[in-house]
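Open the model in your viewer and keep the selection panel at hand. The stops below say what to pick and what you will find there.

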Amino acid sequence: MATSTNSEPASSATVAGVAIVASVILLVIRNTFRAQSSLDYIPSVGVPNGPLGFYRGALNYIKNARAITEEGYHKYPGKAFKIALANRWVVILNGPTLIEDLRKAPDDSISLAEGTNSMLHLEHTLGYEQHHDPFQVPVVRTTLTRNIGVCFPLVHDEVVAAFEDLVPVKGAEWTAVPAMQTILPVVSRVSNRLFIGLKCRDPEYIKLTTGFAQDVTQDAMLLHITPSILRPIAVRLFGHLEGATRSAMAHIGPIIQHRIEMDDKYGPDWPNEDRPNDMISWLLDAARGQPSRRSIRTLSRTLLNVNFGAIHTTTQGLLHALYHLASRPEYVGPLREEIEHVVREEGWTKAAMGKMIKLDSFMKECARISPGGAVGMLRQVVKDFTFSDGSTVPAGTLVGIPILAEHTDHAKYTDPDTFDPFRFARMREEAGEGTKHQMVTPAPDFLVFGLGRHACPGRFFAVNEQKLIMAHVLVTYDIQLKDGVRPPDEWVALLGAANSTAEVMFRKRST
Ligand code: HEM
Ligand SMILES: *[C@@H]1O[C@H](CO)[C@@H](O)[C@H](O)[C@H]1NC(C)=O
């Protein structure tokens with residue numbers, strides 16, 4: 001009795017632990033039967049026959065996702081096939097007709113949000129209200145996109161300042177920096193200059209925004225192996241969301257508070273100071289008359305959520321571009337020439353970015369070769385859905401598109417496995433193709449930003465930001481890799497990411 005107060009947290013953790021393990025076993029058994037019966041008529045790829053075939057297939061897929069997905073792509077043209085991902089099947093929709101079905105399917109039949117929720121447990125890892133009222137999506141799509149031009153000087157200012165701080169070059173000497181650990185904070189600062197203003201430079205805030213994605217994925221992995229009934233407890237004991245929210249509120253709470261007070265007093269026309277033109281204001285505009293959105297807590301979480309979607313994605317594209325450029329110095333000349341010519345005419349503006357056709361092509365080619373993984377556009381079927389080939393996929397099924405196989409199909413690209421950075425620039429030069437083949441334009445042969453209604457609403461900003469950062473690097477520094485060889489992508493199951501540990505060497509530009 002005497003120890004009961006002290007031991008209570010430990011013992012409830014133990015009970016939770018035992019319950020979790022027991023339920024995992026039950027869950028695994030149940031899923032095996034459920035998953036295998038209802039999708040029987042869809043052929044599987046990479047899954048051996050015989051006992052425990054599903055689990056051997058799932059292990060196989062962790063190592064060989066790219067090859068297995070590509071095998072299915074060629075073996076079942078125009079048809080669906082399935083792959084074993086961890087504890088469930090993923091139905092891969094192959095070919096233009098099925099992709100078109102997916103694009104056209106209404107949200108109450110096939111859902112992006114529920115697909116992400118089933119993989120990342122958004123209700124617990126980002127927050128209940130985040131999952132059910134994602135009001136930042138239209139703000140990103142319309143207000144943010146409309147303001148890229150007017151906010152461009154601030155964004156450019158932040159790019160210059162971030163590189164001065166994070167890439168400490170001395171004279172003509174080479175300085176090696178870890179690429180990922182340098183580009184992540186650059187992207188956090190540059191994006192958040194637009195989201196929250198100069199507070200973006202606070203090192204603790206940068207740590208929060210760049211580390212939050214890992215919090216989310218770590219919590220999601222825990223929740224994956226926790227049965228739904230125990231998830232609220234598991235989140236309370238081990239989750240990161242509450243701590244991250246409090247930290248975000250400590251950093252930007254006072255800014256939001258001031259903004260709300262001034263809006264309440266004066267509306268949009270403040271006396272004595274200008275109402276800042278940033279994401280906080282845009283979110284507040286979208287929260288007018290809706291108290292559930294208009295709290296410091298909700299707005300702090302919403303900004304965490306936006307950062308979650310914005311920072312690592314943008315960083316990946318930049319890392320690929322840096323590694324390609326640093327290992328292929330022959331592309332530096334033509335890119336510099338284009339950038340300097342355009343900047344002389346247009347300055348560092350959004351209009352200038354639009355005229356950097358070679359740079360756009362270079363970035364797009366990096367994304368074509370490394371689109372983030374073998375499978376993308378993952379969605380959950382939420383109501384039994386019949387595709388136009390007649391096959392019916394039951395509610396609860398995860399579906400996706402073989403984006404890398406699409407991007408490297410000989411029928412779509414000449415020499416698809418060759419890195420050819422100016423291929424899209426050449427296509428644009430051809431008569432009548434002036435505005436086509438741009439990086440921001442999703443297409444069946446370019447799926448990095450998805451396709452259709454849900455195509456990434458942040459892509460106009462993301463592409464402008466990526467091009468601005470690369471243009472700044474190109475005209476400011478010489479870069480190279482220590483051993484001259486582009487580090488290979490890192491693959492885990494269906495995700496393929498840029499090398500996370502390689503160093504890139506910078507020096508003040510010599511010519
Ligand atoms: C190069 C960087 C980026 C890439 C590759 C990327 C990619 C994507 C993809 C693939 C989707 C899902 C589309 C689908 O499944 O159809 C998506 C959704 C989304 N992205 Fe991005 N993204 C990037 C940058 C950004 C940025 C900078 C922001 C915000 C400023 C952002 C905000 C969002 C939001 C809010 C959604 C959800 C859309 C919805 O629910 O309908 N993204 N993004
Ligand atoms: C990443 O690059 C570094 C340096 O080139 C290398 O040592 C490491 O093995 C690479 N990682 C992977 C997973 O290829």
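**Stop 1: ligand 1**

Select ligand 1 and Arg-379: an oxygen atom of the ligand is 2.4 Å from an N or O atom in the Arg-379 side chain. Such a polar contact is a pair of N or O atoms within 3.5 Å; within protein, one must be able to donate a hydrogen and the other to accept it, and residues adjacent in sequence count only if both atoms are side-chain atoms. Before moving on, note that this is a predicted model: local features need pLDDT of at least 70, side-chain atom pairs count only at pLDDT 80 or more, and totals for chains, interfaces and linings use all residues. Residues are numbered from 1 along each chain as its sequence is written, chains are lettered from A and ligands numbered from 1 in the order in which they are written, and side-chain values use heavy atoms, with hydrogens and water left out.

One of its polar side-chain atoms lies 2.7 Å from an oxygen atom of ligand 1.

Now show the whole shell (residues with a heavy atom within 4 Å). Ligand 1 is surrounded by 21 residues, and the closest are Thr-313, Arg-379, Val-448, His-454 and Cys-456. By class, 13 are nonpolar, seven polar and one charged. Here Ala, Val, Leu, Ile, Met, Phe, Trp, Tyr, Cys and Pro count as nonpolar, Asp, Glu, Lys and Arg as charged, and the others, Gly among them, as polar.

Which elements each supply at least two residues of this shell? Color α7 (136-166), α13 (296-327), β5 and α19 (459-476). The largest share, four residues, comes from α13. Helices (H or I, at least four residues) and strands (E, at least two) are DSSP runs, numbered from the N terminus.

**Stop 2: the five-stranded sheet**

Follow β5 into an open sheet with the order β1-β2-β8-β5-β3 and mixed pairing. Two strands pair if DSSP finds at least two bridges between them. The edge strands, β1 (81-85) and β3 (110-111), each pair on one side only. Zoom in on β3 and β5 (376-381), which pair in the antiparallel sense over two bridges. Ser-111 stands opposite Gln-380 in β5.

Next, select α2 (53-75). This helix lies across β1 and β2 (88-92), at about 140° to β1. Then take α3 (96-104), which lies across β3, β5 and β8 (398-401), at about 120° to β8. Contact means heavy atoms within 4.5 Å. Axes are lines fitted to C-alpha atoms, for helices over the stretch in contact, and angles run from 0 to 180 degrees between N-to-C directions.

**Stop 3: the three-stranded sheet**

Select the open sheet β4-β12-β9, with antiparallel pairing. β4 (175-178) and β9 (477-481) each have a single partner strand, so one side of each lacks a neighbour in the sheet. The twist averages 35° from one strand to the next. β4 and β12 (503-508) pair over four bridges. Thr-175 stands opposite Phe-506 in β12. Bring back α19: this helix lies across β9 and β12, at about 100° to β9.

**Stop 4: ligand 2**

Finish at ligand 2, surrounded by Pro-487, Pro-488, Glu-490, Asn-499, Thr-501 and Ala-502. A polar side-chain atom of Asn-499 lies 2.4 Å from an oxygen atom of ligand 2.
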